[in-house]
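Please look over the sequence and the model shown here before reading on. The report that follows takes up a few local features and then the wider arrangement.

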Amino acid sequence: MLNFLARRTLALIPLFFGITLISFAVIHLAPGSPIDVLADLNPKMTAEAKQRLVTYYGLDKPLHVRYWQWLHRFVALDFGVSFSADRRAVMDKIRESLPITITINVLSLLLILMIAVPIGAYSASHPYSTFDKFLTVFVYVGFAVPTFWLALLVLILFSVQLEWLPISGLTSLDYAKLSLSGKIWDLTSHLILPVLLSAFSGLAGLSRYMRGSMLEVMRQEYITAARSKGLSEAQVIYKHALRNALLPVVTILGLSVPGLIGGSVIFEQIFGIPGMGRLFYTGVMSRDYPLVMGILTIGAFLTLLGNLLADVSYAFVDPRIRRGGRA
Amino acid sequence: MNGSTVWRTVSRNPLTLFGGCVVILLFVVAISASYLPIHDPYEIDADAVLEPPGPSHPFGTDELGRDVLSRVIYGARISLWVGFVSVGIAIVIGTLLGSVAGYYGGWMDGLIMRFVDVMLCFPTFFLILAVIAFLEPNIATIMAIIGLTGWMGVCRLVRAEFLSLKERDFVQSARALGVGNVRIIARHILPNSLTPVMVAAILGVAGAILTESALSFLGIGVQPPTPSWGNILTSGKDNIQIGWWLSLFPGLAILVTVLSYNLLGEGLRDALDPRLRGMSG
């Protein structure tokens, strides 16, 4: 198992460098520079002052030199100082916002698993039933719905019309004064819509995948064997089929990480949540190179971590992979 | 499989037919938008700001008094443009790289497929966001960047087709006759591997339309006053306390369009290649 883990981890390192290299090149080759943005804001800036800033940020050096310098600092987890007015370290900014984004995404992943697995399995064991047809319709609609639109609609319904839930942010203004239970409710009421909505699109995909995987397993000979042994249908489905059908689903979950991270930009923007997605958006808008590069790196890292976790949990439940070394 | 068999399979599936009809209808409406009896989508009317849906404005008006129905109809043009051009770019890149990787194999295959792996690991939406915001956000940039980040699936499909087709007898005999590599790729293998590419293209249009609307919604896509479904939704968000109609209708347009492309694509896939039936996209 350790051997397997080490091999998988090593295989991810070149991927990681590939991703950071492409990000770096793309960001820095784009025309225009952050100094121009500063100069636009401050018309009194002289050409000489501009030049000083360029040298200060190392923008005059060739691309490969800058990437090399960036790598050097990256090893020490130093992403440099943000170009924004507060001049804070990029790492500090990320450290504040990342836990919020991760919490929301982990909650929605759990929610997806808890709902998609049972409905997918049920639907596959009762193919062409009313429930199965309903699920198919749900899946088609789920794939086609722009989730940011759905977010707007639920905001209009629950926050504007019914006034049940707060409209944006992570906590209310009087959060500090609330009792503990009040704080918990306050956080929950702010998180409920973002978590539900970011789970929504994944839910459609995963329940369909679960259904397909389950149907595939039900055709196998060991299921026929289990049935002919005289096991009850429930035992066949939930003990023999479900466990095997879960294997590929685990992988898909790991692969859904980039989508979730990407989606967080939109959700955090709509719900006004101070997470990494929103930080990225502001960074991009103000051409904050170090911040954008830092977040892209963290995003790549999380994606690869998701892949690794998927591999490992797959190997954990399926001994064939641990020994054979395929996958 | 010949055309009439495909047609028979497709026409037996009402969902595929529905998808196809909506797609055709969208084309007709988008192309003929300027001849339709609707308001000018750019006409500002200070006396009709944020009017709810009514007889003169079936979808209501926006914060500048512009007719939402006609803005949604003109928005269909943007969606179709972005959908087709960006998918076209993705198909060209994916087919080129996929055929090279599948046909030549060896280190070229290794290199291209590792590149595909890297691109698939990207939180693509982050990359798109960064690139568009750093460049000018306009429709050309959006089409280019959605295409440049969406070719990996096609590349894998084409490569898989090439791997199996290049061992077939008709390719071997072409080679024995002394036909050059490029000609074998372009004339013999490629035409035989286009079916899954076509299906992937139709499904890809749906994805591209969704991405464009998300970008325009964030304000880094199609820029106002040009109407796009995404940027009408932005004004829906800005006027969330008053104008629900600004949020409802453009979103419905996206939903119906994307749904139709998906239904059409999956129906065609089932009709063209029964082996793939039931597989998710």
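L50(B) sits in the loop between α2 (14-31) and α3 (68-104) of chain B, and its phi is near 50°, a positive value in a residue other than glycine. Y128(A), not a glycine either, has a positive phi of about 65°; Y128(A) belongs to the loop between α5 (90-125) and α6 of chain A and is exposed, with 9 other C-beta atoms within 10 Å.

The peptide bond from P224(B) to P225(B) is cis, with omega near 10°, and P225(B) is placed in the loop between α10 and α11 (229-238) of chain B.

## Basis of the model

This is a predicted model, in which local features need pLDDT of at least 70 and side-chain atom pairs count only at pLDDT 80 or more, while totals for chains, interfaces and linings use all residues. Residues are numbered from 1 along each chain as its sequence is written, and chains are lettered from A and ligands numbered from 1 in the order in which they are written.

## Chain B and its helices

Chain B has twelve helices and zero strands, where helices (H or I, at least four residues) and strands (E, at least two) are DSSP runs numbered from the N terminus. Of the 281 residues of chain B, 46% count as buried. In helix α8 (residues 169-176) of chain B, the number buried among its eight residues is zero, so this helix lies largely in the open.

The axes of α10 (residues 194-217) and α12 (residues 244-272) of chain B come within 9 Å and cross at roughly 170°. That makes α10(B) roughly antiparallel to α12(B), a term for angles over 145 degrees; axes are lines fitted to C-alpha atoms, for helices over the stretch in contact, and angles run from 0 to 180 degrees between N-to-C directions. By class, this contact of α10(B) with α12(B) has 13 nonpolar, five polar and one charged residues.

## Where the chains meet

42 residues of chain A are in contact with 35 residues of chain B, two residues being in contact if their C-beta atoms, placed from the backbone, lie within 7 Å. The side of chain A that touches chain B has 32 nonpolar, eight polar and two charged residues; Ala, Val, Leu, Ile, Met, Phe, Trp, Tyr, Cys and Pro count as nonpolar, Asp, Glu, Lys and Arg as charged, and the others, Gly among them, as polar.

Terms used
Parallel < 35°, antiparallel > 145°, perpendicular 65-115°, else oblique. Buried ≥ 20, exposed ≤ 12 C-beta atoms within 10 Å, placed from the backbone.
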